[in-house]
Amino acid sequence: MAEKQPSETVSSAVEKHTNRLAVEHSPYLLQHAHNPVDWYPWGEEAFSEARKRDVPIFLSIGYSTCHWCHVMEVESFENVEVAKLLNEWFVSIKVDREERPDVDKVYMTFVQALYGSGGWPLSVFISPDLKPLMGGTYFPPDDKYGRPGFKTVLRKVKEAWETKKDVLVQSGSFAIEQLSQALSAIATSEKLPAGLPESALRKCAGQLAESFDSKYGGFGSAPKFPRPVEIQLMLYHAKKLKDNDMLGEAKEDINMLAQTLEGIERGGIHDHIGGGFHRYSVDECWHVPHFEKMLYDQGQLANVYLDFFSVTKDCTYSNVARDIFDYLRREMIGPDGGIFSAEDADSAEFEGASRKKEGAFYVWSNIEIEDILGEHASIFKEHYYVKPSGNCDLSRMSDPHNEFEGKNVPVVRNNASVMAEKIGMPLQEYLKVLGTCRKKLFDVRSKRPRPHLDDKVIVSWNGLSISAFAKASKILKCEPEGTEFYFPVVGTDPSEYLEVAEKAAAFIRKHLYDQQMRRLRHSFRNGPSKAPGFLDDYAFLISGLLDLYEFGSSTFWLAWAVELQDIQDELFLDREGGGYFNTPGDDPSVLLRVKEDHDGAEPSGNSVSAINLVRLSSFMAARSDRYTKTAERLLAVFEKRLKETATAVPLMCCAADILAGVPLRKQVVLVGRKSSREFNEMLVAAHSSYDPNRTVIHIDPMDGEEVGFWEENNGKIGDMAKSSYDPKEGSVGLVCKNLSCSPPIRRPESLASLLSR
């Protein structure tokens, strides 16, 4: 388990400057607490100061593990000259986008609409009444390469405010009005037209296939982001093709996914020494990464590697999922079970270094490798493409500024079996040697100055991880007996992963859910954040809780998911226009209330909610129609998007097809003593094949609380538990579809066989 790092703040006795951020909880805000800039946190104190002085606000949005945020801080916000301009001409506000995604969404949308792209740090100038005036991302301090520097931008904004303030404010108000209209679509019908779910799925898969990189895998070109929602769509599409006996086309999809997932795993985007994945690669070959590690990537990638293992039964993929889980358990989980949000890209090259450097913790010189690994250095070096001159040379985009000259980012370029055969070593022995080498390097690396750990616990990202850990507890039981594991994979009993998921869910319920007010808070660090729970927090957590139940935990979590869905509908649902807004809408300082649909680095709250509603309808018979109609109306809001730009909403394409397939959705009902081995073997069998159009319900007929839950919420399930269970014959499974059920199944292999057809 990771230990919490001490606060980023340093005693003001040894600091030249201390501003209002020093009392905040956000690691990002604390990083800026001793800048000479007179920063304010987002709030009325800053707004009223801007109104009183009649000056614009400079709004800087970033997050604590953002490399270019650090660069701009060093170049501009620690610069006394720049700070003087900001303090005299503006009120400066600093926002952690992970703590306030609602504020970030407003001004990122403005910058993207204005310039066609955005990113962090986000630098926006806004009026005292919070309307956007102009903005951008990273600005260098001085004019360079024909582009204005930050000091020039500050002067121009000041001059514009003094000479044409009314025009600027009017323009900002108009921009917000236009964006509000564009991002608050309403449904013009009760459901999507017949045939659209299938055509949107097919169109999205086809367009992704056209963008497939046949050399390195992945969809699109550099910089390369894993974007798990694309992988989810292609896997779902392959399953649909297979179900329709289009085996050749299904195999094409599977081959693309195999090459993509192998490319990501073998690349430097994968931390081969310590486990887990970096944010993205700057080149097309998945080699040199941007080194930050984000929890939302870990949870989603673990899920897709688990799903692909379910399809292929190839332990290459289950091993990658284990790699992620073991990294999270080692580095990212607090003592109370909450899962931390990120690790930084930058760290000091040595103790006492005055500046941090990107990737310093992760890269190696040739001589370090040789000194640490001794007799096995040559095997490791050839396997991971380590060279005396450095290995960041696979693409002209890998290291254009020679920042990693003489350094190596481990990357796999040959199959282990080929390499083992080449040196005449048995494959298992070869893999064992590599594992030993990685452990030695890990131990040495652990003594280096560590990257900053952002130890916020964010509800939405924990929801993604709860889902992955819960699924792993059963899917990984399908690995062949005797499977060997090599560091950084530990070889954990998969049952332990269910406990990790339960502890994370319990942390959120205890620390971030007010049971009296029935409200979530967004994040936790030294206490709950001021920010409320947003749509993604509810939707992702509900999804995680549904998986927590389906993969073996108690109906307690299912009941909480139902409760949270009621609250989500109360806070975010547009009951007239359909779909969910991203915020509760009760904060006047947040100028846009958006219905988000884009499935990007994270899935959209609306896409996840549509799938949640289908799943809940399968559990809760009494509410089934209501859930289904809400999902139908939600998807109808995004009809145009599904028709015209399906690749922007891959998970929503899946959601639409899943909803269309509700009449044929399978229900697997397992009845038996949950403490028995045979019951757990049946539960593993129920999850042994990939099928998003399946619900698994399990019930212990001797557990009065569980039986009562089902009698209240789905009487048929309660009746099944009573009628189908015979203690003498043990656990039983029933597979139901379209109002009819299979004969009772009592052998796990028979259940797995039936479900895999």
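These legends go with several close-up views of a predicted model. Local features need pLDDT of at least 70 and side-chain atom pairs count only at pLDDT 80 or more, while totals for chains, interfaces and linings use all residues. Residues are numbered from 1 along each chain as its sequence is written, and side-chain values use heavy atoms, with hydrogens and water left out.

**View A. Helix α18, residues 535-550.** Helices here are DSSP runs of H or I with at least four residues, strands are runs of E with at least two, and both are numbered from the N terminus. The expected span of a helix is 1.5 Å times one less than its number of residues. Because 15 of its 16 residues are buried, α18 is largely enclosed by the rest of the structure. Buried means under 20% relative accessible area, exposed over 50%, and partly exposed in between (1.4 Å probe, protein chains only). Just after α18 comes G552, with a positive phi of about 130°.

**View B. D569 in helix α19, residues 555-572.** D569 is buried but has no salt bridge, meaning a side-chain nitrogen of Lys or Arg within 4 Å of a carboxyl oxygen of Asp or Glu. The nearest side chain of opposite charge belongs to R626, 4.4 Å away. For charges, Lys and Arg count as positive and Asp and Glu as negative; His and the chain ends are not counted. Leaving aside residues up to four places away in sequence, D569 touches R575, Y580 and R626, where contact means heavy atoms within 4.5 Å.

**View C. R100 in the loop between β3 (91-96) and α5 (101-115).** R100 is buried, at a relative accessible area of 14%. W42 is 58 residues away along the chain, yet the C-alpha atoms of R100 and W42 are separated by 9.1 Å. Not counting residues up to four places away in sequence, R100 touches W42, V95, A531, F534, D587 and V590.

View D. Two strands pair if DSSP finds at least two bridges between them. β17 (residues 666-671) and β19 (residues 732-737) run antiparallel and are joined by five bridges, with V669 opposite L734 in β19.

**View E. The hairpin of β4 and β5.** Strand β4 (residues 122-126) pairs with β5 in the antiparallel sense over four bridges, and V124 stands opposite G135 in β5. Five residues separate the two strands, and L130 in the turn has a positive phi of about 75°. Four of the five residues of β5 (residues 132-136) are buried, so this strand is largely enclosed by the rest of the structure.
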